[in-house]
Amino acid sequence: MQASLIKEAAEIKDQLVDWRRDFHRHPELGLQLNRTAGVVASELKHLGLIVRTRVAETGVVGLLKGGQPGPVIMLRFDMDALPIMEDTGASYASVNPGVMHACGHDGHTAIGLGVARLLCRHQKELPGVIKFIFQPGEEGFAGAQRMIEEGVLENPAPIRSLAMHLWNTHPVGWIGLTPGPAMAGAEKIEIVIQGKGGHAAAPDLAVDPVVAAAQVIAALQTVVSRNVDPIEAAVVSISEVKAGDVFNVIPPNARLKGTIRTFKPKVRELVIRRVEEIASNVARAMGCKADVECLQISLPLVNDIAVTKRLHHLVLENLPELTIDDSCRVMGSEDMADFMHKVPGCYIFVGSNNPTRGLDSPHHSPKFDFDENALPLGAGLMAAAAWEELEAG
Ligand code: NI
């Protein structure tokens, strides 16, 4: 069946492209994906799935019950766009100014519908239940967490999960299947450095938080270079600095914001501890006081070893022309990690660029676009992977 699903996916390419271009033309933000969710829900109902709407505002859940007994496997597809002004010049460019599908989630939504269509054709032989989760708010709106809170992992509870992302740093034909950690966990750092305001011409009478902030930023660069094991991966970035509003006044405080990215709990704890120690003690040495807050934004995304191994084998068997990369890791984060923390599974990177056609701009760029040949490949792979997981029991 797996080989047949891959072949059938190639035959519905035109439909996949039509869906994708329709979503691309009409991008929506955050949890407010009314039009997109409407199209998805109506397609799933048309196919005969049991559909639940308005989960986490505009999330859609579709249940496909097979004719044969078997487990429940969840497939998750994210649907939201970004607040970016599109500059691709494509015939299917966004008609909503300032909103753009610049991450490829239009492609994911189309692939999700394609997988539903392919698996429905074989509903009688389908050995189990597929739970389709179409998620809003992946781009920083905690959509996955909201859907979990609203019960999508119950009634019925899936035993394994699958998701994919079109990946524009690699060409169509490249597949990233990494066992273990594949995407980093993220924290948001906020540091408030309290000094004492005064006249810029009389620094001796003030306690300058701007100078302290500069020392803190410089000292934080040593966390990764001097504290973290060089074999491990970590990032500390201070990306927002705010202090003062006028040239001749020393402000009373300075505010820094940034992010920490790590894969492993031990590294994460070390980095958070060092950020707190350095910020408070360097500020203290400058006569200031620092309040440090680290807020967890997302967990690291960790692929289940057994599921990843099965998918690796599936690709070798049925798509031998593809190149498998089993060491692809990125410091970006992804809220599929929230689902996978509760339901083990695999997150697949599907190469989507085509440099000779100029389709290789990075994700979140106003010029982002991908090679639509990745759509049938993604749909075939996800449908076959779902079947494989049902058979694995
Ligand atoms: Ni994305």
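Figure 1. H165 is buried, with a relative accessibility of 3% (buried means under 20% relative accessible area, exposed over 50%, and partly exposed in between, with a 1.4 Å probe and protein chains only). The model is predicted: local features need pLDDT of at least 70, side-chain atom pairs count only at pLDDT 80 or more, and totals for chains, interfaces and linings use all residues. Residues are numbered from 1 along each chain as its sequence is written, and side-chain values use heavy atoms, with hydrogens and water left out. The nickel ion has as protein donors C103 through SG, H105 through NE2 and H165 through NE2, at 2.2 to 2.3 Å. Donors are N, O and S atoms within 2.8 Å of the metal (3.2 Å for Na, K and Ca); water is not among the atoms, so sites may look incomplete. The spacing of the donor residues in sequence is C-x1-H-x59-H. C103 sits in the loop between β3 (68-78) and α4 (105-120), and H165 in strand β5 (residues 160-171), so this pair ties together parts that are 62 residues apart in sequence. Helices (H or I, at least four residues) and strands (E, at least two) are DSSP runs, numbered from the N terminus. C103 is also buried, at 8% relative accessible area.

**Figure 2. The salt bridge between E389 and R160.** The closest N and O atoms of E389 and R160 are 2.4 Å apart, and the two residues form a salt bridge. A salt bridge is a side-chain nitrogen of Lys or Arg within 4 Å of a carboxyl oxygen of Asp or Glu. E389 belongs to helix α10 (residues 374-392) and R160 to strand β5, so the pair ties together parts that are 229 residues apart in sequence. Both E389 and R160 are buried. Side chains of opposite charge can pair when their charged atoms come close.

Figure 3. R121 and E8 form a salt bridge, with 3.1 Å between the closest N and O atoms. R121 is partly exposed, with 44% relative accessible area, whereas E8 is buried at 11%. A salt bridge also joins D22 and R35, whose closest N and O atoms are 2.8 Å apart. R35 is partly exposed, at 31% relative accessible area. A network of salt bridges links R20, R21, D106, D369 and E372. A search of the whole structure gives 23 salt bridges.

**Figure 4. E125 and E391.** E125 is placed in the loop between α4 and β4. E125 is partly exposed, with a relative accessible area of 40%. The C-alpha atoms of E125 and E391 are 11 Å apart, while the two residues are separated by 266 residues along the chain.

**Figure 5. Cysteines without a disulfide.** The structure has zero disulfides, a disulfide being a pair of cysteine sulfur atoms within 2.5 Å. For C294, the closest cysteine sulfur is that of C288, 19 Å away and too far for a bond. C294 is partly exposed, at 23% relative accessibility. C328 is likewise in no disulfide, and its nearest cysteine sulfur, in C346, is 11 Å away. C328 is buried, with 7% relative accessibility.

**Figure 6. A nonpolar surface patch.** V246, F247 and V249 make up a nonpolar patch on the surface, with about 330 Å² of accessible area together. Patches are made of residues with over 30% relative accessible area and no salt bridge; like charges are joined within 9 Å, and nonpolar side chains (Val, Leu, Ile, Met, Phe, Trp, Tyr) within 5 Å. Accessible areas come from the Shrake-Rupley method with a 1.4 Å probe, and for residues only the protein chains shown count as cover. V249 belongs to strand β11 (residues 249-250) and is partly exposed, at 41% relative accessibility.
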